[in-house]
Amino acid sequence: MAGYLGSYATLGLLLLASVVVFVGAFSANRLLRPASPAEPIGKRETYECGVDPVGGDWAQAQIRYYVYAYLYVLFAVEAVFLFPWAVIFDRPGFGATTVVEMAIFVAVLALGILYAWRKRILTWT
Amino acid sequence: MSTGEAVTFWILVWPALVGAIGMVLARNAIHSALWLVLTMLSIGVFYVLQSAPFIGMAQIIVYTGAIMMLFLFVLMLVGRDASDSLIETLRGQRVAAVLLGIGFAAMVGTGVYRAMDNVTPAGLEQANAQGNVEGIARLLFTKYVFAFEVTSALLITAAVGAMVLAHKERRKGEKRGQPETMRARFYPGNYPGPKPGPGVYATSDSVATPGRLPDGTLTDRSISKILPVRELTSSESAPKGTEK
Amino acid sequence: MEDLSLPKIDYAAVAPMLILFGVACVGVLFEGVLPKAARRVTQLVLALLGLVAALSVIVWQSDTRVLTAGGAVAIDGPTLFLQGAIIVLGIMALLLIGDRAMEHGGAFVAQAAITVGSEADRKQAVKEQGATEVYPLTVFAIAGMLLFVAANDLLTMFVALEVFSLPLYLLCALARRRRLLSQEAALKYFLLGAYASAFFLFGVALVYGFAGGVEFGTIHDSVTESTQSTVLLYAGLAMIAIGLLFKAAAAPFHVWTPDVYQGAPTPITGLMAACTKVAAFGGLLRVLYVGFDGVAWDYTPILGVVAVLTMLIGAVLAVTQTDIKRLLAYSSIANAGYLLVGVLALSKDGLSSTMFYLVAYGFTVIAAFGVVTLVRDADGEATHLSRWAGLGRRSPLYAGIFTFILLAFAGIPLTSGFIAKFAVFGAALDSGEAWLVVFGVVTSMLLAFPYLRVVVMMWLSEPGESTPTVSIPGGLTAAALVIGVVATLVLGVAPAPLLDLTTSAADFVR
């Protein structure tokens, strides 16, 4: 277990072990449980306060949620750039330059949040 | 290719392919998106395999995390009644597109495969000499610093654009304040009290049953407006789970 | 670990881009903090000031020839010339964008999120002022174009491509009238544009596999030296070319053009027709002349076929159009073909004549779309050609201007169109590409037909009940029209100064 891929072998083993545990537990459950299925009418229907479901299960979402999702993506992308910056900025030779570079980057993106705040996108109406 | 690499590759190549094909063939857009997640996860692992752990993780976090979530949000915006138009405006367009697509993929695939036949990988050690992430950071913050800073312009354009296209600004006058709400509530002809609860009887435990007012009349006001107006069949309105 | 330091950046040379990016960011800031009433004037003045400042820096830096920012940006003759051209044309487009005299609230919708056709939509169409986000977005687009023509590696070029495309997709969706058409145009442009970008990126990856780098210098060297399979090179170049030809609206990647030109707000159509064309051909010139000149013999025939196809499709389909904006779109496709003829001369003359053509065409086309914004009826712009019949009697001045513009498109002597066509065809002849020139001349004659049909219609028909009025242009549109028409005339009568300028600028640094 050496080398580049060796370091991922542990992770691979862990994943494998979790799959085994998951499959094992559910199989054991299936084998051990008593099986006496009854199928009364309506057993497999959604049931809440006596209203039978009609139509599809598809609801249209409000477009405002899209903006939130979008802002989240924006900052996830920013995080991708922040991460390499975070591991190196205190190394010798990096320092102030990279801090300034990242400050500009983040400041420009912060404008987006400012804009959203001023347009009252962040307040729930 | 080391053994570990080969084994992982041949295990994951199937989910990647099945996911991609499933994405194209799935009838339901949500299923399509989920198939795509499978492909993207596999590709993320491929990146890691090829000594690019940073890109691999970014693929998993940003693509399968954030961007797929955005896809799902967009799909949720599609209304229930929306359906794909199956009319071809140009006859034979779909068949031609499929054939051209497959032909193009085959051409590029074989071309790249043949071009990669006798290639010895070079430069990987130098690139990852001080660590993969450090190497990327080194390039990003020196040589490509201009492109990096300009990316922020791209992101803010996208943010402003999303808000311009998707956000409705409310005027001050459009929001009803407390006095207006109260005035409307006690307006003559309006019933200011709370609505009666639903009627639940021995014959039906459905909230769609109208409630009975103290004077004995049934009232529609007890039924929520979001309940669809419909005739219940007797089996539907019957109490559940008591038949045998 | 050795010290890391920022690559030397010649700030004066990149200042035009920095200024415009800064101005656009300030514009977004103003959008957030300024009261609604003050926004439009502030944004317009800010954007114009920024463009003028960037232009003055370019004039001041006109002798700079330098690779800067770690070799990612090349500031040389073509860069400076094309940047200057983009800014001047951008100023004209911005004047059209900013004008609110012809229509209450301007050409842009107040709130794009309001459902089309709803009560609120009808209310905002007559009452509210247009969105002011269009100004920062326009400036972002122009700044991206400046970087696009200056990019000296494929990665920077790709980022620049996205930076100037994204605002254009958005701006296309913001028309005040015929909003569904506008949104459809934006969606089409976005989807096809994203597709073209993907091709570009795929091509960059393949070329990287071939050359081991994305800088044009590295690519240029490895074209002769690399031992890698040339499949990577050709496939990569083909895909990069697809991305660029899409933006340039060359056939067979032109299908978006008529729909998008028709649906977009007319000032934005002007911006796309003039500035995007300059940027796309600027990028194409640099890719072909600097990066891949070693394989010129291989790509010239293929791009020659593309050029011929572009000219033919543009000219033939222009004949059948019944909408003035679609007609101008097909004319713009045909002009992309003529520009490709100039590009394929692959000589100094080819470079300078292409640059001259870009500027001449840009001035004329913005003026043309400026006139289109003037011809209106109660429903907004009357773009159907039949409505233009008899316009000469209604408003001889503007019909005259439009006639002059169409004659310039047709390449009649004493207009810039003639000199420009003459220059590109001459350069192509000198390089032995006579077959392209033959197709160019034939399609030019064919293309003259739809132009002259519009002219005949305007002057020789009687104005009917449905003939729209020609609005009096506001000061801004009038200024843009005057600049466009005067430039078209001056470049036709006395083209020497600009020709000299393009010749002296026609040297890439590598």
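Modeller: An angle between two axes counts as roughly parallel under 35 degrees, roughly antiparallel over 145, roughly perpendicular from 65 to 115, and oblique otherwise. The model is predicted, so local features need pLDDT of at least 70 and side-chain atom pairs count only at pLDDT 80 or more, while totals for chains, interfaces and linings use all residues. Residues are numbered from 1 along each chain as its sequence is written, with chains lettered from A and ligands numbered from 1 in the order in which they are written.

The part to examine is helix 13 of chain C, residues 324–344 (helices, H or I of at least four residues, and strands, E of at least two, are DSSP runs numbered from the N terminus). Its axis and that of helix 10, residues 256–263, of chain C come within 8 Å and cross at roughly 140° (axes are lines fitted to C-alpha atoms, for helices over the stretch in contact, with angles from 0 to 180 degrees between N-to-C directions). Helix 10 and helix 13 of chain C are therefore oblique to each other.

On the side of helix 10 of chain C, T257(C), P258(C), Y261(C) and Q262(C) take part, and they meet K325(C), R326(C), L328(C), A329(C), Y330(C), S332(C) and I333(C) of helix 13 (contact requires C-beta atoms, placed from the backbone, within 7 Å). This contact of helix 10 with helix 13 of chain C includes 6 nonpolar, 3 polar and 2 charged residues (Ala, Val, Leu, Ile, Met, Phe, Trp, Tyr, Cys and Pro are nonpolar, Asp, Glu, Lys and Arg charged, and the others, Gly among them, polar).

Helix 13 of chain C also packs with helix 18, residues 434–460, of chain C: the axes come within 11 Å and cross at roughly 160°. The contact of helix 13 with helix 18 of chain C has 9 nonpolar and 3 polar residues, with no charged residues.

Conventions:
Contact = placed C-beta atoms within 7 Å.
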